[in-house]
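Hi there,

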Amino acid sequence: MGSRWGPQGRAGRRRMSFLLLLSLFCPALSEPIRYTIPEELARGSLVGNLAKDLGLAVRDLPTRNLRVSAEKKFFTVSTENGDLLVSGRIDREQICGKKSTCVLEFEMVAEKPLNFFHVMVVIQDVNDNPPTFSRNITELEISELALTGATFALESAQDSDVGVNSLQQYYLSPDPHFSLIQKENLDGSRYPELVVKAPLDREEQSCHHLVLTAVDGGEPARSCTTQIRVVVADANDNPPVFTQDMYRVSVRENLPVGSSVLRVMATDLDEGVNAEITYAFINIGKAVRQLFRLDSKTGELTTGGGLDFEERESYTIGVEAKDGGRHTAHCKIQIDILDENDNAPEITLDSESKHIQEDAELGTVVALIKTHDLDSGFNGEILCQLNGNFPFKIVQDTKNTYKLVTDGALDREQTPEYNVTITATDRGKPPLSSSRRVILNVADVNDNAPVFHQASYMVLVAENNPPGASIAQVRASDPDLGSNGHVSYSVVTSDLEPRALSSYVSVSSQSGVVFAQRAFDHEQLRAFELTLQARDQGSPALSANVSLRVLVGDRNDNAPRVLYPALGPDGSALFDTVPRAAQPGYLVTKVVAVDADSGHNAWLSYHVLQASEPGLFSLGLRTGEVRTARALGDRDSVRQRLLVAVRDGGQPPLSATATLLLVFADSLQEALPDLSDRPAPSDPQAELQFYLVVALALISVLFLLAVILAVALSLRRSCGNNSWSCFHTGGICSKTGPAVLPNYCEGTLPYSYNLCAASHSSKTEFKFLNVNPAHAPTQDLLCNEASWFESNSSDNPKMTSDSVNLQPVSYFKTLCSHKYN
């Protein structure tokens, strides 16, 4: 586009190319990228290929996220090719006003890595504004006595354009009495003055009509006109005269409204009405009229509005003094506005990283900072700094741009968040400052390995534990977040065989609980050691190991085992010989036993359960040594038998027995005959059971006899002898009285009782029968049922015929010796 901008545009492009090459060969320089464009370009117009000028590849544009950072965004960047495009209306007059040079400065922000690029776009003026007069008709009164060459100021036209496009020339319509000259103010603006070139005669022509034309220097040129009506006034020969042609004054901005700026003064040598002077503004715009007021009588200039150095640095005001005779004089007032430190710096965060990796390297860009101060000079110089002690620092990039970068190690576990305050302070007096708070969150990185709560673990597990029982739990903590802090557990190594490890223990990967997979046996495995690992889920994963020692505790699950005396091949106990002359304390033998348990459960004690001669031998409680307690007596048997019990110290205790056969003999040949005559050994347990059975049988027999005797005695007392008759269940009875058995002898006699009960009678009849039918005569034992009833009826008249159904019941009772007469 430089070819369309004219010579200045091409020069700007050449300068830009030079700066680009300079930045490539000198990376340390931070020169801005400069472009030049005319104002009022259409939206979407190309400014330049920014990506190429910055040295960025087109393929990197999506990741770099190149964007414009400015308060008012007039430009945008194409994400496809990196072109800088116009995105809004650019009106130079609205943006820069009357400034001779209009530059739009902004920053381009690129990410990954985060960086600033300063861009300057020079806006060239286009002749899009014509000159304008504030009034269409201007009336000017000139005395007829005005001398040739007298000048009269005319209203100047205003043109918003600058440079060659601004107001360049005034033209006056031809007139024999007047001509036009142009003068220039200190700010470069031009104003016209009307010159009298021929004497005026009010009587000949009292009014002259002129046309004033203002033309700018644009291509094509623009112009405007105003009508000037010159009224020829009667003579007034002394015009007013100002004390100065140019008044200069400097005032502070923010001066209160109504404050006095200065006072102009003009004098007139005339008298009376012709000497009365009035003051008025001339050739000033409407905006200036609102800022200043001029007292028409005194000439005092005061403020009518707020002055702002940032809006305009100086004003040039024209003042006209007019006497009563219509004579005028003109002067200029140059007002310079002095800057005050009335604007605090502004802080803008162009790009801010919400999360910072805790392993970020030193110098990593966290945020891009822009500062701006509307003041100028020292009042506009800014110092940006951090408040507090943080692992960050601010690095200045350009005049008003800074970078917040890391300046120390970050640790999320210690400080997960930083509340950073950025302060910008100007150099004014007094200095003004502003602050901006930035919250920076530190993102977690897997930089902490799990840590076990103990340096090592030891656990005691009693043997015979149920399979699947929990025997221990290990715990590890990881201060990282999320998956970086999620810990899982596993078994790494063990002093057990690798193939047998899984059959012994397992560990829960989530809780760290260690489970026994089988019942442990203290006698087979007393202790083993595991190496457990805690591993987080980060990438890469971090881990820590810890040792777990498992001690298998003993239970009393093994009875003592007797090693000596041992049994013979046929299962019989072997014998030991004892000299007949053995003295008390002689060591006969020793019972040797072992227990597979340990500790208290294996603490054995020896006890004598049974001995042929209880006082002949003694047994050591802890040693198991069998010693003679006394000498062998004449009445003592030469063959002795000891039953020894061996008990352990467990709860409950377990025991084993051993049988000792001891023979008192001086030699083996002497002991052999005694051994051959001895009966076969009997089982002590069987003998004990036999004695218990016999005793129980005797007690039962005695109890039954006592019960039978008690019943017989009670029956005999309650019934007389005459009320009993002989009867038998089958209806057999004796026709004769009871008789004594032939083989009777004094002592216990057996009796037999038959009970006949009628089913319908309330009385029960008893009749004695003979003691033993085998000893009675045959004729006495057999009788018919009728005879029995007859005899019974005769003995008991009260017997009725209702007693027909009899149920015989036999009772047998042994009675004590009794004599019958």
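Below are some notes on a sheet, the cysteines, the salt bridges and a surface patch.

First, the background. This is a predicted model, so please keep in mind that local features need pLDDT of at least 70 and side-chain atom pairs count only at pLDDT 80 or more, while totals for chains, interfaces and linings use all residues. Residues are numbered from 1 along each chain as its sequence is written, and side-chain values use heavy atoms, with hydrogens and water left out.

**The four-stranded sheet**

Let me begin with an open sheet of four strands, in the order S16-S23-S22-S19 and with mixed pairing. At its edges stand strand S16 (246-252) and strand S19 (278-282); each has a single partner strand, so one side of each is left without a neighbour in the sheet. From one strand to the next, the twist averages 30°; the axes behind such angles are lines fitted to C-alpha atoms (for helices over the stretch in contact), and angles run from 0 to 180 degrees between N-to-C directions. Strands here are DSSP runs (E, at least two residues) and helices are too (H or I, at least four), all numbered from the N terminus. Two strands count as paired if DSSP finds at least two bridges between them.

Going across the sheet, S16 pairs with strand S23 (residues 328-338) in the parallel sense, over seven bridges. Here Tyr247 stands opposite Ile333 in S23. S23 in turn pairs with S22 in the antiparallel sense over nine bridges, and Lys322 has Thr328 in S23 as its bridge partner. These two strands, S22 and S23, form a hairpin with five residues between them, and Arg326 in the turn has a positive phi of about 75°.

How many residues of strand S22 are buried? Seven of the nine in S22 (residues 314-322) are, so to speak, under cover. By "buried" I mean under 20% relative accessible area, by "exposed" over 50%, and by "partly exposed" in between (1.4 Å probe, protein chains only).

**Cysteines**

The structure holds one disulfide, counted as a pair of cysteine sulfur atoms within 2.5 Å. Cys96 and Cys102 are the two partners, with 1.9 Å from S to S. The torsion about their S-S bond is about 65°, so the disulfide is right-handed. Cys96 and Cys102 are both buried. Cys224 counts as buried as well, at 14% relative accessibility, and Cys331 is buried with a relative accessible area of 3%.

**Salt bridges**

There are 14 salt bridges in the count, where a salt bridge is a side-chain nitrogen of Lys or Arg within 4 Å of a carboxyl oxygen of Asp or Glu.

- Asp91 and Arg89 form one, their closest N and O atoms being 3.3 Å apart. Asp91 is buried, at 13% relative accessible area, and a network of salt bridges links Glu40, Arg89 and Asp91.
- Asp407 meets Lys393 at 4.0 Å, N to O. Asp407 lies in the loop between strand S29 (401-406) and strand S30 (417-426) and Lys393 in strand S28 (residues 392-396), so the pair ties together parts that are 14 residues apart in sequence. Both count as partly exposed: Asp407 at 42% relative accessibility and Lys393 at 38%.
- Asp444 meets Arg412 at 3.0 Å, N to O. This pair links distant parts of the chain, 32 residues apart: Asp444 is in the loop between strand S31 (433-443) and strand S32 (451-452), and Arg412 in the loop between S29 and S30. Asp444 and Arg412 are buried.

**A surface patch**

Finally, Phe703, Leu704, Val707, Val711 and Leu715 make a nonpolar surface patch of about 460 Å². Patches are made of residues with over 30% relative accessible area and no salt bridge, with like charges joined within 9 Å and nonpolar side chains (Val, Leu, Ile, Met, Phe, Trp, Tyr) within 5 Å. The areas come from the Shrake-Rupley method with a 1.4 Å probe, and for residues only the protein chains shown count as cover. Leu704 sits in helix H8 (residues 684-718) and is exposed, with a relative accessible area of 52%.

Best wishes
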